[in-house]
Structure formats: structure tokens, C-alpha cells
Amino acid sequence: MSEGSLHWKIPLPPIDPLEGTRDTSTEKGEGLVETLVRNKEIPEELLSRMAEGMGIPFWRELPANEKWEGLQREVPVFHLRKNRIVPLSAGERRFIVTADPTRFEAVDDLKRALGWTGPVSVVAAPHGVILAAINRLYDIAGDSAEEFIQDMNGESPDRILSEIEERADLLDDTSDAPVIRLVNLILSRAVKDKASDVHMEPYHGSVAVRYRMDGILYNMFSLPKRVQSPLVSRIKIMSRLNIAEKRLPQDGRIEIRIGDHLVDIRVSIVPTAFGERVVLRLLDKSASMFRLTDLGLDAGRLSVMDGLIRSPYGIILVTGPTGSGKTTTLYAALSTINRPDINIITIEDPVEYQIEGIGQIQVNPRIDLTFARGLRSIVRQDPDVILVGEIRDRETAEIAIQSSLTGHLVFSTLHTNDAASAVTRLTDMGIESFLVSSSVIAIIAQRLVRVLCEQCRESYRAAREDLAGLGDGGAALLEGKEIYRRKGCAHCLNTGYRGRKAIFEIMVLDDPLKKIIGQTSDANVIRETAVKNGMTTLMEDGIGKILNGRTTVEEVLRITRA
């Protein structure tokens, strides 16, 4: 069908209003129709009309039985994303689905690349549907780092200095610059593997890329030394840092989309003996918010926790080392009690997840917006519930205590090893013991244990020698019982674990404990009293999860001995 007949059947808007759009489509190398749809200047319904005029089908959704035809070997994934085109097969029938049916050359190129010589049906579909299918079905991890590095011979550093759109979808970035593609690969795979951190560590002759998954660092790539400078420069450009400054530490932030995931990346760059070291902290803002029932609490302690977070006033402290899930527990608590008739305000460093209906304040030391100063302002905002990201000093602790004594429920965190040590920490800050006992209603210590992969875990009978380190009580509970150990498979990346759950130590400050705290701040005495009153320790909670087949002896020992 000729272009003239197409214009006759489907009148396009006048030329003058589209002049800028035509320039954009030419510059980006995409079709006019696709540029119009992407810019939302006309409705996607135009595609349906165009398909009808060209005599081809229009699919609003792709069929569920789509299959790939060796695309990893034949067609680079960026080519599909650039052209918004995807080949499918259903039985013996073959389809090429495109977001712009006027781009005949893209269809022909794809047929040649796949070696399709028989009948092929061309179908039109919205570009968002096609991108979603590519993101869902094409495994970006199939492209190895080595394949990208091979293209870097003779690469000019100037080629990486291209601007990227803020929050642009990395899976939609079609740049051919190998360093840009390498960064996209590293970040996309990190999100796919659910990594919390990405480390880029320079050494004498190479750059190591490591991912932290489920709390453990794993080596992923070893890149040539020549990649180091352009790789760091690309990260700096994305996070809007000074690419010329290589002597001082720099901190930045990147917001990107990877498929359906909105990811906030905190960037830290420090100079080392072998060059600049980069650590990226990934926060998937598209992840669903945890609730208390998702944290791994048993029914009894879930009931206790639910009662605590609905208290009208008092302080609830969550303790543990960095990366032990304290913030996640606090967010789960806030999400559980969040409702329109309660005013909840938080001050955090940083604000990791936005919660609808809650006022969240970001600490900013550059303008002297500290926890203490922000907390003073919060109490004048008529709050019912206050979250203080961390109690770091005496001033913040005093304001939090005064807030709880005047009828507010306050949540906060401390960096201590167990629940009893939090009392010692507060008194070391200069807080009187009677203020601690009268304001704090509960202290929760927690750790994260890796959960066994249910696809490959294997059972065995626990022998006494396997349980060394758990203590006599723990060994007696597990000896001779059927428990599980890790094995490793493709589903869990051969680690034997998939995901993490928390183990808890909930110390409720009842009258006997308050009396002891008034007499001493010795953590050992406080802990012994709490255990006598029925507190389940971190080790005991871990043993319960071993018995339930959720984790291993080695994992519980690893995190309780830390």
C-alpha cells in the first residue's frame, strides 16, 4: 500500500503543528507515529485506525503464549527496544508486533536477523505493551559483561558524556556507547537479582563489581582496568557530581526506572590507592510496603507487637546493627496503624519510602535541619504518632522522651546489639533512669536471617556436633530432629537461600523490669530479668525458625554471634 493511500484513509494532523515532532522523530531515529504516541500528543487509538487502514491486526494486549526465537543469539535486546518491535510465535505461525507499522525497514531487518523466510504476520500494538513484553520476557542477564567490554577497544571517553533524561527507563536506553550499555547492564541486573548494594572496587589490574544480595556480597564481574575511568565518569554524570574532582569523596543520587521498577540509588564515591571506589545503595520504590504480618513474627508475638504499636503514648525502640531491617519494621508498624483520623509525622535520614497519608521530613545537616531541630518542630504540628529515624544524641533523646510523656507515641531506632543494651545506651547519653523507665514501653532487637530456598533445600537429622554453638538448650531442642540445610540451584543463584526474614527479641518494660532499670543500667542484669519474665531471645527465635525449616543452624549462628 502506498504512502499516499495511507494518508487518504487516515488523515494525519496538519503539517505545521507536527513540524517540531517530525524533527524530534528524525533526531531520535523513530517513526512519526511512535513519537506522537510517546509524547502523548495524540491518543493511541490512532494506531488502531492506522492498522485498520493498512489491513493489519491491532492488539491491545499480547497473547499469553508468546515464545522467543533465539533472540539472545540473533537480535540484540537494545535493537528491539529502540525500534519498539517484538517477534512472537504461536505454533507454526509467526508474528512481528510493532508500535509503528510505517517503519517497514525495521520489520524487514528483524525478519532477516531471525532468518524468517516463510509467512510472517505484521501486527500493531501500543509501544507500552511491547516494551512491557520485552522487559518481562527478555532476560537482560543473557548479555555478559565481557560482550560489552569487547566493544570498548578504541572507545573515546567523550562518547559517554551524553545526557540522560531524569527517571528515564534504563531498559529503554538505546545508546550504543559501550560504557553506557555496561552501566545499564550492571544496574538492570542488580535490580533483577534483588541486590541492595552494588560495589565497584578498583584494584591494581582490574575493577571488581560485587552485589550484596540477602546481606552477603557476591563477586559478579571482573572488568579491565581501562574501564574504570569512563565507568566512574558515567556514574558521576548520572548522579550530577563533579567528574573533574577525583581527590575528595562525593555523594549523590540517581532516580531511574528499570521496567516496572522505580529505583532510587544513593551514590557514594571515595578515592582509594587504585582509583575511585563506587558504592550504590538501591531502593526499589515500586516494591510493596511490608506489614507486620510479613515480618516473620509468630502468632503470639505478632499479637504483642500489634498491641504495642496501638499504645496511646510512650516510646518504642527498635535496635540492631546497620542493615538489620529496623527501618522496614518501623514502616510496617506505621503502615499498620495509618488511618485518616491519626496524624503521623516522621523525620528520617534519608526518607527511604513514601507512605501515603504520612508527613515525612528529610534531615538536611547543610541547613541545620537535624533530628533534634526537626523533632522540636514536629511536636508543634499536633501529631499523634512520631517517627524519629535514629536517636543519635542526648538532645534528640530528651525531646523524644518529653514528647512521649506529653501524650505522643514515638518510634525510633538505636544501634545496639540487643534489647537490654538500649537502656545502657540511653543512660550513657545522660538520660536519667527514671525517665527511661517511665517513657519507654518496649525495646525490640532484630536481625535478618536468610531464608532457605524451597526449590533445593535438603533435610537431615541434626547430630549433636552439628549444633555446637547453639548452647545446651538449643542443642537439646534440635538434636535428632529433622531440619534443613542449604544446597543451591539456579532459582537461588546457587546460594541455597532466597530472601530474608527477621528474628526478634521483644522486651516489654513491665513493672518488674522498670524497677530493675531504676536500680541499675547493667545490660546483663536487665536481660536476665527479662528472660525470667518470658522474653524470647534472638537465639531462641532463630532456633524456632530452624525447626520450621525456614533457615539453617549456620545462618542463625552467623547473625547472633555478630
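Contact here means heavy atoms within 4.5 Å. Keep that in mind as you look around this predicted model, in which local features need pLDDT of at least 70, side-chain atom pairs count only at pLDDT 80 or more, and totals for chains, interfaces and linings use all residues. Residues are numbered from 1 along each chain as its sequence is written, and side-chain values use heavy atoms, with hydrogens and water left out.

**Stop one: helix α14**

Select residues 371-378, which make up helix α14. Helices (H or I, at least four residues) and strands (E, at least two) are DSSP runs, numbered from the N terminus. Now colour F371, A372, G374, L375 and I378, the buried residues of this helix. Buried means under 20% relative accessible area, exposed means over 50%, and partly exposed lies in between (1.4 Å probe, protein chains only). Look down the axis of α14: its buried residues line one face of the helix, because they fall within an arc of 165°, taken from the directions from the helix axis to the C-beta atoms.

What do the buried residues of α14 pack against? Show β11 (344-348), β12 (359-362), β13 (385-388) and α15 (394-405), and you have their packing partners.

**Stop two: along helix α15**

A salt bridge is a side-chain nitrogen of Lys or Arg within 4 Å of a carboxyl oxygen of Asp or Glu. By this rule the model has 27 salt bridges. E398 and R394 are 4 residues apart in α15, so about one helical turn separates them. E398 is partly exposed at 33% relative accessibility, and R394 is also partly exposed, at 44%.

**Stop three: helix α22**

Move on to residues 553-560, helix α22, where R558 and E555 sit 3 residues apart, about one turn of the helix. Their salt bridge brings the closest N and O atoms to 2.5 Å. Which of the two is buried? E555 is, at 1% relative accessibility, whereas R558 is partly exposed at 35%.

Next, show R253, E255, D264 and R266: salt bridges that share partners join them into one network.

D264 counts as buried at 0% relative accessibility, while R253 is partly exposed at 41%.
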